[in-house]
Structures are given as C-alpha cells and as structure tokens.
Amino acid sequence: MNVNEFFKKHNFSQNVCADEMLAEFDRQMDLGLSAAGGSLKMIPAYIDADRAVPTNTPIIVLDAGGTNLRVAVLWFDSCGKVRMEDFKKHPMPGTGSEELDEDSFYNAFAEFLVPVCRRSANVGFCFSYPTEITPDLDGRLLHWTKQVKAPGVVGKMVGAGISRALERINGIKLSVKVLNDTVATLLAGKSAGLSRRYSGYVGFILGTGTNIAYIEDNAAVKKVPGLDPSRKMVINVESGNFDGAPASDFDKAFDASTQDPGVGLFEKMISGAYMGGVGMQMLKMAAQDGLFSKPAADAMLKLENLETKDFDNFVANPFVADGMFENMPLTDDDRRTAMAVGEPLFVRAAGLTAVNIAAAVIRSKTGTDPLHPVCVTVDGSTYYKTRSAFFKSRVEEKLREILGSRGICFDIISVDDAPMVGSGVAGLIS
C-alpha cells in the first residue's frame with residue numbers, strides 16, 4: 001500500500017472544496033443567527049464596531065485568559081498608536097491550590113484595580129471563558145475552563161461583581177464592559193484602522209483553540225428582537241464547533257478518544273491543542289497498514305500522546321533530535337513516509353483555516369474597494385509558528401484565491417497585546 005492508497009482507504013483528502021464549505025458555513029451562520037440550530041452559536045457581542053474610537057482618552061483594561069491576569073491603562077494617541085501605562089501581571093484568581101468563594105474572587109480583582117481605578121471610569125475586560133454577553137456588556141459565566149477554582153462565580157455577572165467589590169473596598173464605582181478574546185482581537189484591528197481606513201473588520205484566533213468574529217447587520221440577527229436594523233454588531237461565531245468539514249477516519253478516531261467527543265469538531269482539525277492527536281492516529285494507522293519498517297511501526301504503535309508542536313517539528317524536519325521521535329529506530333524511508341503522511345494534515349488545516357476566515361469576510365459584505373480593504377486581525381501561535389507545509393503563507397495564498405476571485409480586498413495584520421488593545425476599544429466605544 002502506498003500513501004495515496006492509505007489516504008483513500010481512510011477517507012482523507014488534503015484538498016478542501018472551498019465553495020461547498022463556504023456555502024455550508026453561510027447556511028449554518030444563518031441558522032445560528034435565527035436560533036434555529038446548527039453547529040455555530042453566533043453569539044451577539046452587543047458592540048457596534050462602526051463607532052469611532054476616541055483618541056487621547058484613557059481606559060482601564062483587564063485580560064483574563066489563562067494562568068495570568070493582566071491589568072493596564074491604555075489610550076490611543078492622535079495618530080492611532082497604542083499607549084500603555086501601569087501594566088501589571090498577576091496570577092489569575094482561582095488558579096492557585098485553594099478554591100475561592102465568590103467574594104474572595106471578586107475582591108482579588110478589585111485589589112488589582114485599586115492602583116489604577118482613578119485613571120478612568122470605565123474598564124474593558126477580555127474574559128476568555130464561556131460567557132453569555134448581555135446587551136449592557138456584562139457577562140454571565142456559564143462554566144469555568146482552564147482549571148479555575150471559583151464555583152460560586154458560575155452563573156453570575158462578572159462585570160457587576162467586580163464593580164461591586166471595588167466600590168466596597170474604596171468607594172469608587174467603575175463600569176466594567178465584558179467581551180471574549182476573539183471579539184477583542186477584531187476590535188484590536190479597529191485600532192489599526194485609526195491610521196488606515198478599512199471597510200470592515202474580522203478577528204481570528206488560531207492557537208490552542210480557534211474562533212472567529214465578524215460584523216453583521218442587526219437585521220440579520222433575528223434571534224434578538226428589538227435591534228436597530230440600521231446598525232451593525234460584532235458576532236462571535238464560535239467556529240471551532242463547525243461540523244461541516246469532511247472528517248476522515250483519523251479525525252473520528254481522535255475525536256472518540258477525547259473527553260468531549262462530538263464537540264469542537266472543526267477545532268480538532270486545525271488547532272494547536274488537537275492536531276498532534278490527529279497526527280498520532282495517522283501514524284498509528286500507517287504503522288498498522290504496513291507503511292513503516294517493523295521497528296518503526298512498533299515504536300509508532302506505542303505512542304500514547306503527541307503534542308502538535310512535536311508533530312509539526314518532526315514533519316518539518318524528520319531528523320529532529322528531540323521530542324517524541326528522538327529515539328525512534330527510523331530509516332530514511334520511514335522518514336520520507338512520515339513526511340508524506342504528516343504534511344497533508346497541515347495542508348488540509350491551512351485550507352480549512354482559509355475557508356473559515358473567508359466565510360466571515362464574505363459575510364461582512366465589505367472589502368469591495370481596494371482603497372478600503374477588510375482588516376483581518378489574526379492572533380495565535382499555531383497560525384504564526386506552524387512550520388510544516390509553509391502553513392501561514394499557504395493560508396494567505398488560499399485566501400487570495402478565494403477572496404480575489406470574488407473581488408474582495410483584504411489585509412491580514414497582527415496586533416501586539418491584541419486582547420488588551422481590543423478590550424480598550426470596547427470600553428471606549430461602548
């Protein structure tokens with residue numbers, strides 16, 4: 001059996017049918033906006049990104065996304081440049097060894113805000129946990145991830161809780177506006193729009209996980225009654241849960257091995273937390289199907305886990321001298337086979353990534369004038385650091401193919417400290 005026969009047997013193709021997938025993305029976006037179902041949640045962010053960003057106006061920003069909580073004061077100067085002061089990094093409350101009750105959790109946030117609480121009456125808060133955003137830009141925590149231990153906060157409004165705690169401590173009341181990291185990434189691009197006139201904005205994250213946000217007409221958001229149909233708002237697509245991409249035997253085997261089978265199917269095909277696991281299934285099945293020498297196959301079958309970084313490094317350089325493959329008994333033919341089996345996974349991921357971005361850009365109905373392209377702000381280490389298959393340039397080449405054929409102009413940018421910058425924009429325009 002050769003590699004092509006192996007892929008055919010296991011229903012894998014590195015080629016992505018962009019037109020079919022774009023149509024399915026659009027169909028499921030409609031379903032999510034109308035609350036009719038589908039795999040895309042299409043969560044309203046209640047932020048009108050068409051509003052101008054005030055300059056020379058300080059805003060307090062918080063970024064809670066993992067083990068650290070970051071606090072700063074920032075503003076945009078008259079040229080649109082971000083200025084940041086009083087930056088501090090603290091452990092995220094609830095990530096230590098002890099469980100925090102509700103009051104202790106909010107009090108910790110309030111203490112972090114005390115040194116800067118007189119710099120602005122408003123706080124932009126990037127809160128990267130599953131949260132229901134309300135029309136007044138507070139957020140109700142649905143459940144914790146990332147091992148945070150503060151069960152009393154689940155179901156509560158986190159912005160209001162922090163504001164109350166600070167008022168108890170020193171009598172100052174701040175307005176806390178809550179948004180998620182993908183929405184913040186989109187808004188970070190809007191800060192770049194102060195010096196370049198973009199027609200639209202999209203925010204995309206491809207790191208440990210993946211998601212995308214774009215700006216939609218209020219008239220299309222049928223599941224929220226009473227919106228001004230002449231305005232627009234940011235939509236958090238939750239695209240990692242898209243179920244319209246064809247799954248191979250490798251994808252199905254890996255999904256079945258996870259703690260949440262059937263959840264985040266698209267995310268498991270392209271993001272950093274999961275591609276290594278899919279790659280491990282590919283290598284094991286290739287070993288079972290006789291594509292490797294006997295010693296190499298035996299070693300492959302003993303793999304119990306495979307990090308995406310290790311898999312990427314190995315596929316990019318099968319002579320890599322560290323990681324999971326360091327001591328495997330590989331012949332040169334085994335190395336050639338590993339490249340031939342592994343690289344198409346990254347080729348497919350690049351194609352799927354391009355389709356994901358293109359779906360949001362097309363949906364935004366902007367970018368038809370080359371003077372005013374769509375600004376696509378991309379954040380995440382998987383996008384920028386994946387080595388195999390010339391990943392980043394392959395994504396952008398596919399985007400030029402998809403969007404260029406439709407007469408859509410776009411500009412991909414990165415913004416340093418995107419969650420904090422985007423939080424600042426949210427606090428200033430809300």
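**Helices, sheet and cysteines**

Reply: Happy to: helix α4 (residues 158-170) lies across β5 and β8 and runs at about 150 degrees to β8. Contact here means heavy atoms within 4.5 Å, and axes are lines fitted to C-alpha atoms, for helices over the stretch in contact, with angles from 0 to 180 degrees between N-to-C directions. Helices (H or I, at least four residues) and strands (E, at least two) are DSSP runs numbered from the N terminus. This is a predicted model, where local features need pLDDT of at least 70 and side-chain atom pairs count only at pLDDT 80 or more, while totals for chains, interfaces and linings use all residues. Residues are numbered from 1 along each chain as its sequence is written, and side-chain values use heavy atoms, leaving out hydrogens and water.

Me: And what does helix α3 lie across?
Reply: Helix α3 (residues 102-113) lies across β2 (59-64), β3, β4 and β5 (122-127), at about 40 degrees to β3.

Me: What's the strand order in the open sheet?
Reply: The five strands go β4-β3-β2-β5-β8, with mixed pairing. The edge strands, each pairing on one side only, are β4 (82-91) and β8 (175-179). On average, neighbouring strands are turned by 20 degrees against each other, direction ignored.

Me: How many bridges join β3 to β4?
Reply: Eight, and the two strands run antiparallel, with β3 covering residues 68-76. Strands count as paired if DSSP finds at least two bridges between them. Leucine 69 has histidine 90 in β4 as its bridge partner.

Me: Is cysteine 375 buried or exposed?
Reply: Buried, at 0% relative accessibility. Cysteine 126 is buried too, with a relative accessible area of 0%. Buried means under 20% relative accessible area, exposed over 50%, and partly exposed in between (1.4 Å probe, protein chains only).

Me: Where is methionine 42?
Reply: In the loop between α2 (18-33) and β1 (43-44). Methionine 42 has a positive phi of about 50 degrees although it is not a glycine, and it counts as buried at 0% relative accessibility.

Me: And what about the phi of asparagine 56?
Reply: Positive as well, about 55 degrees, and asparagine 56 is not a glycine. Asparagine 56 sits in the loop between β1 and β2 and is partly exposed, at 49% relative accessible area.
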